[in-house]
Amino acid sequence: MPHRLEIALKPDLSDAEGENLRQKAQNYFGIELAQVRTVHILTIDADLTAEQLSKVQTDIFTNPVTQISSFAPLPIAFDWCIRIGYRPGVKDNAGDTAVEAIEDTLGIRFNDREAVYTSKRYCLKGNHPNFSHDRAIVEKIAGELLANDIIQQWDLYSSSGWDSEIGVGFIVPKVILDHKPAVLTVSTDSDAALQKVSDERNLALNPKDIPTIRSYFANDDVRQQRAAVGLSDPTDIELEYISQARSDHCNHNTFQGRFFYRASANSQVEIIDNLFDTCIKKPTLELKEQKDWVISVLWDNAGAGRFDDNHYFVITGETHNSPSNMEAYGGAITGIVGVYRDPLGTGKGAKLVMGGYGYCTGPRDYSGSIKPHLHPRRLLDGVIEGVRDGGNKSGIPTVFGQVLFDDAYIGKSLVFVTAAGIMPAEVAGSPAEKKRTSPGDLVIMCGGRVGKDGIHGVTASSESFSADTPAGHVQIGDPYTQKKMHDFLLEVRDEGLIQFITDNGGGGLSSSVGESALFSDGCAIQLEKVPLKYQGLDQWEIWISESQERMTVAIKPEHWERFHTLSEKHAVESTVIGQYTDTGKLHITYNDKTCAYIDLDFLSSGFPQWEFDAQWQTPADRGLYEPVISSPANYNELLTDILARPNVCSKEWVIRQYDHEVQGSSVIKPLVGAKRDMNSDAVVIRPVLDSEKGLAYTQALLPWYSAIDARSMACCTIDEAVRRLIAVGTDWDRIGGVDNFCWPDIQYDSLANPDGKFKAAQLVRACMGLKEICTAFQIPLLSGKDSMYADGHLSGSYNETHKISAPETLQFSCIGVVANITQCVTMDSKQTGDRVYVLGITRNELGGSEYYAHFGYTGMNVPEVYPEKFSRVYKAVNQAIRQELAASVHGIYRGGLGIHLAMTAMGGDLGMNVDLGKVTADQVHHDDIILFSETPGRFIVTVDPVNSEAFEALFNDMPYACIGEVTGKTDHFIVNGADGHLIVDIPVSELRCAWKRPFGALV
Amino acid sequence: MSKRVNALVLTGFGLNCDNETAYALNLAGADVQRVHINTLIKGEVHLKDFQLLVFGGGFSWGDDHGAGVIQAVRLKTNLGRRILKFIADGNLVLGICNGFQTLVNLGLLPGLDGDYQTRSVALTFNDCGNFRNDWVSLTVNQESPCVFTHNIQTLELPVRHGEGKLTADEQVIKRLINNRQVVMRYAGADGEPANGCFPSNPNGSLYDVAGICDPTGRIFGLMPHPEAFNHFTNHPNWTRLKEKHKRQGRQINTEETLGVRLLKNGVDYILKRSSKIIQNFKE
């Protein structure tokens, strides 16, 4: 019989969680509540005696100082009570730790059928008598603030409908699958028949792959070999394996496709066979030859570079868009915890040292008629919290991130997550970056257990979001379980026990075992050995389940005992599920009966390449033009209004809820300056505590330029990321990049995707830009991912649906080594009297700018990157920082010179007086263009006058100008126009006030 | 008899500050072992070989049932008596953040009347309603018996927690104040106690309490992270300080940080104590 323990804070203590809900109801919906109190419910579904129950109640679950608790409903007054609990099968982390605590305290073991489930009820009291009759309002709070139907169930109780004896009753969300696992054989009589199976089972097979699959299983040799193990037509588990491996998510069919590109309506077709090979792989491999610090790229879970003689750093970036759009918190926490397994599964395993994030959502105050699945504000709240818990509970500092808003992201919001780690160059005497499986090695699954969660996650992210997307792929990451596994795996790594390691992410065992078996050329898996969360999973489900927090590890059989001992020490579950072989086959059995027998090289042979028509239309062909704007008169107001735009303003509330200093390695924090509230250009950490070398990290996102040309978008994004790293003192020749593409569907369809050819051309152009700039700047692409199908089909006012495509987006992250952290520089002005320099030329490049966006324009003069000219400046800045000549360095990014001068001044909390007439400009005379043009390649540097001669000497034949000075008058941020007239004179405090206006009240 | 100070830093089950805590203790002059909670429970490592036991930061058991709660239950059940003996032997216990939360749930703090088993103080959810990472100014009670804060008047350290609001009955708070067990308080830029003002007081802690000790001063718990100030570049304003010093023709102090000094005070206390013991032994 289940027992229900209700726990609440003592009535005289403030309830921060309840108060948070009260404020959200007020701020988001204008619903006035007098009070909200939270009751935490533990439903203990286990056979415990009254004495045992009383012991766990007092010893574990009730703090005598702050809490009250009862096995009967707590008598807390309300007008309405909302109960929220998880649906069956959803990961309940708190329930799992409750079991651990109860077992330990009572010295017992729960059996397979026993568990603890957590839920909550919120006791709401309204401000006026009508509230007790207003069910609709409470439903809105429950459905739109608290619960997500995909993972949670909720009930409402009015005070009159509440039975104080029964309370919420006993709700046990136990998974009961009355199902005997079975392997199905699928007939492959015709293409149509297989397509039908694919549709029915949500396999998402590409129609072009179907003939290849059929011909394999029709091959006489194959059939003979299969007959010998008792198989004929393909089994469901085999088709699922093929589907996972061939999905765009795993196989990157789009980037590996063949593009027929035309630069304009009349130009010749240019064939680009494989964007990945041409624009990413080839240039990176060439750079690897030239740069001995590039250790390992393009094959492992993350790329590796040399940190110092004894350490390598590793880095990768991912997106977790589809799940986060369904369930923001669960999607995001699974995303960050998931990307942390990539460095852990790189080489023989790296320790995680930092994380990054990038969120692109609809406007927080969105009020349009087209309805996204989750309102952008709610989605963003959930995503922020998911990454918060995932990062903080992993003990990995979340050091840098960006939040962007645009209407076009309501179709599909983007969630980027990045992870970096560090590993010793050698592990037990052998190179840490190398690994392989060998015949005879044991296949071990470590970490969490397997359930139905995450099934078909990979194939779902390879499709646009629609009402049919299976909700089952949403899950909730468990950083606690993974942190234990992380500590465990590093210990076994250091003992030299790991032959091979990789993570179970997309595609589950199917991907991790399938890919690791390629090294030994075969494996034999006994699927019944895989530990399950509950019985009743079909074999194919076990094989492709994406249940989280699992790694696949290969070890020598003689190491099993030691491996197992350490696994127990760390309270991590590890199970031998098979052996690597050299048979060339993936051989899966279940209770000795073969259910899959397939040639491992089948996947790399004979599948047709995807093909795309890519038709570019120039901005002029599309009718874009420069808007006609006369010079503004009120610059004070214009400047503060742009500072307060959502894509410029302070987002301190996000940064402060992320632990960015755990591991004790922080050198340059995400927030810097006199008041510690300005965004740093980049962050620097000291990942090896007894070294004075640093690791610098930053990222850039400029999707708005794609409205003019995605090539410019890519070039400017890379330039910005590089410049950000240079600004804090990163060595010019030690910078690596990570490219994360998020693109709408590019496959042309006259009805479903009429602009597919243009979007394909945008992708081609972005990749060409990437190649050009990375080659010129000599930036190897250490890692990268693409996430296609950034589209959503959302319903409008009349029950019609609209396809909304996200802007073509590239997040570019840069990582680099700082030779001496004590020379790092921040962006804030430091001292009165320092000279203010602008490095680089300012051009008329307002196309796609924040200034134009402020007026609703796009424009056409999109910024252009000149890598050869820019890199000379960057090297000189690098020199200036090394010679300690610069007091502050700050790049000029989104918003332009005016905005970033203001940031330098706010950073120092000092005044400034500058003349626009002195800015080195290329045929630009209008003040608004000088102030707001987003020309790349530029910096603002403040310099102690005693250093100015030496500083200027470094930039001898380059464009630079001293445009004014830092002043002690904080009441005066002064800008004089090109003609010498005063155009801006405003206190620094007012700049700061405007900059914090939109989100300053959020915590 | 060894003249070295042996410090034990707990690891495992979601604890996560063990590496930098060990590093900072090393800088402070201690020999440090990071020991998994299970290793200690199994008796493969013995508390009697150490003079300083550190409960560090992290999210033990995910902190899903109140921060530090399950860690405290686990340790009380399996190590309770061994820890009490360790304290009775005159050794030092330091709890940082999650470790502080664990100490109050174990009842090791505040240890009123030498009772090291009763929970009378709690660290609960921040008033601001969220996890918060920020540097805070702290003012140290010069009359506190705490052995870790000797000769430190004020310092700045980072806080990184969601449950750091110290709360207790009024009577208990009064006794802590009267006993001088309130070791450090959150302060404003002027060095005066924050008087509850956010964000100087980041969590709404009663009486601005950031750290308390037991009546002997040998058990100390605090929410801020001294181990995260192990290098001068950890300080949020170091680039500004460096530039300021440069203009005055001086070098920024790159030596011992106040975070390390705090730990070193503990190490020095043990060294002094053991030299006394050695002296007694000779006599």
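The model is predicted: local features need pLDDT of at least 70, side-chain atom pairs count only at pLDDT 80 or more, and totals for chains, interfaces and linings use all residues. Residues are numbered from 1 along each chain as its sequence is written, while chains are lettered from A and ligands numbered from 1 in the order in which they are written.

View 1. Helices (H or I, at least four residues) and strands (E, at least two) are DSSP runs, numbered from the N terminus. Two strands pair if DSSP finds at least two bridges between them. A:Arg4 has A:Thr43 of β2(A) as its bridge partner.

View 2. Axes are lines fitted to C-alpha atoms, for helices over the stretch in contact, and angles run from 0 to 180 degrees between N-to-C directions. The cut-offs are 20 or more other C-beta atoms within 10 Å for buried, 12 or fewer for exposed, and in between for partly exposed, with C-beta atoms placed from the backbone. Not counting residues up to four places away in sequence, A:Glu17 touches A:Thr38 and B:Phe125; contact requires C-beta atoms, placed from the backbone, within 7 Å. A:Glu17 and A:Met903 are 886 residues apart in sequence, and their C-alpha atoms are 35 Å apart.

View 3. A:Thr316 is buried, with 26 other C-beta atoms within 10 Å. Leaving aside neighbours within four places in sequence, its contacts include A:Asn301, A:Val339, A:Ala419, A:Val738 and A:Ser783. A:Asp582 is 266 residues from A:Thr316 along the chain, with 31 Å between the C-alpha atoms.

**View 4. Helix α22 of chain A, residues 756-777.** At 1.5 Å a residue, the 22 residues of α22(A) should span 32 Å, and the end C-alpha atoms are 31 Å apart, which agrees. The expected span is 1.5 Å times one less than the number of residues. Of the 22 residues, 16 are buried, so the helix is largely enclosed by the rest of the structure. Just after α22(A), A:Gln778 has a positive phi of about 60 degrees.

**View 5. Contact of helices α25 and α28 of chain A.** The axes of α25 (residues 897-908) and α28 (residues 988-996) come within 10 Å and cross at roughly 110 degrees. That makes α25(A) roughly perpendicular to α28(A); under 35 degrees would count as roughly parallel, over 145 as roughly antiparallel, 65 to 115 as roughly perpendicular and the rest as oblique. A:Ala902, A:Ala905 and A:Met906 of α25(A) meet A:Val988, A:Leu991, A:Arg992 and A:Trp995 of α28(A). By class, this contact has 6 nonpolar, no polar and 1 charged residues. Ala, Val, Leu, Ile, Met, Phe, Trp, Tyr, Cys and Pro count as nonpolar, Asp, Glu, Lys and Arg as charged, and the others, Gly among them, as polar.

**View 6. The 9-strand open sheet of chain B.** Its order is β2-β1-β3-β4-β11-β10-β9-β6-β7, with mixed pairing. The edge strands are β2 (31-36) and β7 (154-161) of chain B. Strands β4 (residues 92-96) and β11 (residues 219-222) of chain B pair in the parallel sense over 4 bridges, and B:Leu222 of β11(B) is the bridge partner of B:Ile96.

**View 7. The contact between chain B and chain A.** Chain B supplies 55 residues and chain A 58 residues. On the side of chain B that touches chain A, α3(B) gives the most, with 5 residues. By class, that side has 18 nonpolar, 25 polar and 12 charged residues.

Notes:
Contact = placed C-beta atoms within 7 Å.
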